[in-house]
Amino acid sequence: MSAISIKNLSKVFPIPFRRERIVAVRNLSLEVQPGQVYGLLGPNGSGKSTTMKIVLGLVTPSAGSTQIFGRDSRMVESREEVGFLPENPYFYKFLTGQETLHFFGKICGLHGAKLRDRASELLALVGLENARDRRLSGYSKGMLQRIGLAQALILQPRLLVLDEPTAGVDPAGSRQIRDLIVDFKNRGITVLFCSHLLGQVQQICDRVGILHEGVLVREGRLDELISIDNQTELTLENATPEVLAQIHSLLASSNARIIKERQPQSTLEDYFLDVTSPKK
Amino acid sequence: MTPTSTLYADAPARHVFFSPARIWAIATNTLLDLIRQKVFYFLLIFAVLAIGISPFINQFNFQDQFQFLKDMCLGAMSIFTWLLSVLATAMLLPKDIEDRTLYTILAKPVPRFEYLLGKFLGIMLLLFISLLLMSVIFVITLYGREQFALADTMRYYANAPADVLQAQLKSIHDASFTISLIPGILIIFVKGSIFASLTLLISTFASSMIFTIMVSVACNFIGHLQAIARDVWLSPGTAGPLARSFLALVALVFPDLQLFNLVDDIVAGNTISLILFTKTAALGALYTCIYLLLAYFIFAAKEL
Amino acid sequence: MDTTAQPDDLLLETAPLTRRRWFRLTMVFVFLLIFGAIRVPMEVELNKEHRAAFFHGAKLDMSLRQQIGQMSFLAALGGFRAVVADGLFIMAHVDWQNTQWGKMLFLYNNVTALQPRNVMFWDTAAWQMAYNASAYYLNDPREPHMALRLKRQHEYFLIGEDFLKRGIANNPDHFKLYESLGMVYRDKLFDHYNASLQFKSAAQFPDSPTYEVRFAAYELSYSPGHEHEAYDELVRLYKMGEKEWLPTLLKRIKDLQEQLNIPANQRINIPENELPPHH
């Protein structure tokens, strides 16, 4: 059974008082298997948010269907197995971090000691224990994202839907969130996320789908999609100039040719984090 | 901290179709939001009104003083309750939609009707607590004045026969807080609930908070005139057919709010029987339920 | 995003009919009409029951609106009726200190229109007119002719009487206005029979003072043609015991015994020292 099953999904929004309509999603079909990290990509206005909202049952489709673990998205019960982290997290700013988790836990049916323990664990997981009694109006963007992740996990979901989880977050926070997502994947949680930060998507996704003007234009395993077919990348360590000369001469006698030869670089992100991390 | 992590357990809990606990969580959250917006500061204004009227009425005899005090306090309670019910409800849905907190809640297994009911219950809690606190201030103010009046009367009638003194003391007690005022206060609550549910209905399809408030105020106004419209419509020969059709429309669509304006007569000394009170309150409850159902009908199909 | 969507075969209708906003709003309107048809009879019935219990007696009509002004009228409509009435009542009190009787009359008419169930308003208005205004005009230094002064005084007696009658019409369930009307008949209009009727009405209420029934008997005894009836009533009261043996009662019995030539063996013996002084 797929974690998410989208079949022939279309969504049309009428414009009030005008005859034209906006086609947000056009005949979209895709499957997300359990345990995968799936990246849904696309330019602004491509239909990503609409698709996610339909999967979560917040918007009704004009045609087609979406299912979560075999249950129709329009059923309230289907949302028991989903945790949602919205873009620009939408929470009650007058609540503290702990109160937020308690509130969402209560509306999910948790109470008493079980709720308190779960909330404490989640706060520890996302690193917000020291801010548990501070109101969300005093949280930074990264903290809001993290409390958002915590409330998404409150019901022990098998599926997480994340909308721009690292948008506007500094590199350290971004790295933390990315590491959490990898941790979720290792525990078997399916993750669907949208992001404009293609570098991050590349680092953690198994499969991607690219939406453009409401249509799924490309879809598949990441490594298959972006690998350049006829090229091979070798990274050598401790190669002496003699070894390099041997490789050059070997290649000269074949059809292959060297396109690029240089010293590999660390990423700017790693360099930045290394420079700015607190000294141990 | 439990020894084993509860984060990644196996089977999720069974979904409960109707959960009072969920509704209560939303209701208390709504109330908390309003409290942290410092809505209860209006009680200070109420207290000032209750106490500040004193210099203006000291020249009158005690019966008159109690009359003025009761009129002022109950009138203020009526107006404040109405204001709260309209303003607090008008911002419930627009705020959640604008802040997008609605998404986060409905992305959980929370049915829309529970969300709506929870929000409404939060407002009811607010109205109940506000009325209770205002009643307490009211009773304390009356009690203070009553004690003063009793002491004054005892001094004045110190040498009078016992039964004359008792009659005077009794008349002061009777002019002060009496049980008959309680139905009046309860009807204020019923009227507030009608307004809250009506405002909630309007907010499900209104485009902005200001629009919601304006329509709700207009409904208040029309509702107070509905009885006149109804009487003219139902009595033959008083108006032409076009006018009568219009009046019929008004009578059918709008509630008769004059039926819930009982506190003025109650404070003048009119008592209401338990049966009549129950019938009136039941009609108010019916209005509230109908408006809530209609609000859900529209909200259920609302595109978020 | 494609904003000018043509109806191609991928493109379907928007939401089904039943989910469209305008459809639902229309259904709500229709439902309100149907609900209205069901509830209007209930409202009419409840309104009748309210009026039978003396609610909604206030006359908030156009003439009142013209007299008290737009703001006060709106306040009265909106739930501040009692406060507006109190405000006008206080204004009348101030006018009293300036002997502005015409203005007071105007204000009291509005006060009682706004709060017809407030017995004290009717009572105060009547008292001001029948006792205070009338006395003022009896002694009005600007009017040299006694006859005209008396006429004016009498007019204000009648205004007071009118207030009380209207007050009773609105508050037939309270003893006070009957009593006050009885006093106006007794003290100002010298209409003893009507005074007696009013005191008798007042006496019917369980919370009325005990003197009402005695006052009724006294006034009846002064009404020509009703002396026998009054005498029987006074004797009935006398027989109720010593607490009824007030000087006035005893004097009226004695006087009536003389006036009606009651046979000596049927008379009640009333010692001189029980009578009021200077009889």
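The following conversation concerns a predicted model of a complex.

Me: What ipTM and pTM does the predictor give the complex?
Reply: For this predicted complex, the ipTM is 0.82 and the pTM is 0.83.

Me: And what is the average pLDDT of chain A?
Reply: Chain A has an average pLDDT of 86, and 98% of its residues score at least 70.

Me: Where in chain A is confidence lowest, and where is it highest?
Reply: Confidence is lowest in helix H7 of chain A, residues 222–226, with a mean of 75. The highest value, 93, belongs to helix H2 of chain A, residues 97–107.

Me: What about chain C? What is its mean pLDDT?
Reply: Chain C has a mean pLDDT of 86, with 92% of its residues at 70 or more. Over residues 1–7 of chain C, however, pLDDT stays under 50. For that stretch the model has 13 contacts beyond four places in sequence.

Me: Back to H2(A). At what angle do the axes of H2(A) and H3(A) cross?
Reply: The axes of H2(A) and H3(A), the latter spanning residues 112–125, cross at roughly 130 degrees and come within 10 Å. The two helices, H2(A) and H3(A), are therefore oblique to each other. The crossing of H2(A) with H3(A) is right-handed.

Me: Which residues of H2(A) and H3(A) meet?
Reply: From H2(A) they are Gly97(A), Gln98(A), Leu101(A), His102(A), Gly105(A) and Lys106(A). Their partners in H3(A) are Leu115(A), Arg118(A), Ala119(A), Leu122(A) and Leu123(A). By class, the residues of this contact are 5 nonpolar, 4 polar and 2 charged.

Me: Changing topic: how many residues of chain B are in contact with chain A?
Reply: On chain B there are 33 such residues, and they are in contact with 30 residues of chain A.

Me: Which helix of chain B gives the most to that side?
Reply: H1(B) gives the most, with 7 residues. Helix H1 (20–36) and helix H6 (101–106) of chain B each supply at least two residues of the side that touches chain A. That side of chain B comprises 18 nonpolar, 8 polar and 7 charged residues.

Me: One last residue. Where is Arg112(B) found?
Reply: Arg112(B) lies in helix H7 of chain B, residues 112–156.

Me: Why is Arg112(B) classed as partly exposed?
Reply: Arg112(B) is partly exposed because it has 17 other C-beta atoms within 10 Å, and that class lies between 12 or fewer for exposed and 20 or more for buried.

Me: What is Arg112(B) in contact with, leaving aside its neighbours within four places in sequence?
Reply: Arg112(B) is in contact with Leu106(B), Phe299(B) and Ala300(B). Ala206(B) is 94 residues from Arg112(B) in sequence and 18 Å away in space, C-alpha to C-alpha.

Methods
Residues numbered from 1 in each chain as written. Chains lettered and ligands numbered in written order. Predicted model: local features only at pLDDT ≥ 70, side-chain atom pairs only at ≥ 80, totals over all residues. Contact = placed C-beta atoms within 7 Å. Helix = DSSP H or I, 4+ residues; strand = E, 2+ residues; numbered from the N terminus. Nonpolar A, V, L, I, M, F, W, Y, C, P; charged D, E, K, R; others polar. pLDDT = per-residue confidence, 0-100. Axes fitted to C-alpha atoms, helices over the stretch in contact; angles between N-to-C directions. Parallel < 35°, antiparallel > 145°, perpendicular 65-115°, else oblique. Left-handed = near helix turned anticlockwise from the far one by under 90°.
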